[in-house]
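Trainee: I'm new to this one, could you walk me through it?
Mentor: Gladly, have a look at it here before we start.

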Amino acid sequence: MTEKTFVIIKPDGIQRQLIGKVIQRFEQANLTLEKMKMKTLTKEVLTEHYQHVSKQPFFPGLCAFMMECPVVLLILSGERAVARVRQLVGATDPLEAAPGTIRADFGTSKQRNVVHASDSLESATIEIERFFG
Ligand code: ADP
């Protein structure tokens, strides 16, 4: 089934000039770049987006990190795009991410893990509306 999913290239990816490399991973996997824009995120949108971790001790640091500079927002489409993008991205902690994944190759900590990707079709729909609606 063709799906759409949502990705953020986080500030560490921008600062370390990894935008092209990250997008190349998705293009090489035959995913289609449907939309792309740069945006400075606000505390308000991050509080919605990261609501599921808002009680965690790392939440204030996560918000500060996500506002360090403008991020790149992507909509990707393709067969089973949600699961395939999550697979290409890898586990949250770069040390636990499978070799060859974006986070394993470029991530430097649990926080600075280069990309966000929607974890389900439901989240993808909500996140696309939140950031592109
Ligand atoms: P994922 O992004 O892999 O879906 P979560 O939704 O659990 O992971 O967490 C959201 C983001 O919060 C992570 O991508 C990461 O940037 C940050 N994060 C998660 N766990 C930690 C942690 N223990 N310490 C610092 N930052 C964290």
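Mentor: We will talk about the ligand and then about the cysteines.
Mentor: This is a predicted model, in which local features need pLDDT of at least 70 and side-chain atom pairs count only at pLDDT 80 or more, while totals for chains, interfaces and linings use all residues. Residues are numbered from 1 along each chain as its sequence is written, and side-chain values use heavy atoms, with hydrogens and water left out.

Trainee: Which residues are around the ligand?
Mentor: Counting residues with a heavy atom within 4 Å of the ligand, the shell holds Lys10, Tyr50, His52, Phe58, Leu62, Arg86, Thr92, Arg103, Lys110, Gln111 and Asn113.

Trainee: And which side chain has an N or O atom 2.9 Å from a ligand oxygen?
Mentor: That is Lys10, and this is a polar contact, meaning a pair of N or O atoms within 3.5 Å. Arg103 also places a polar side-chain atom 3.0 Å from an oxygen of the ligand, and Asn113 has one at 3.0 Å from a ligand oxygen as well.

Trainee: Switching topic, how many disulfides are there?
Mentor: The search of the whole structure gives 0 disulfides, a disulfide being a pair of cysteine sulfur atoms within 2.5 Å.

Trainee: Is Cys63 buried or exposed?
Mentor: Cys63 counts as buried because its relative accessibility is 1%, where buried means under 20% relative accessible area, exposed over 50% and partly exposed in between, with a 1.4 Å probe and protein chains only. Cys69 is buried too, at 15%.

Terms used. Polar contact = N/O pair within 3.5 Å; in protein donor to acceptor, adjacent residues only side chain to side chain.
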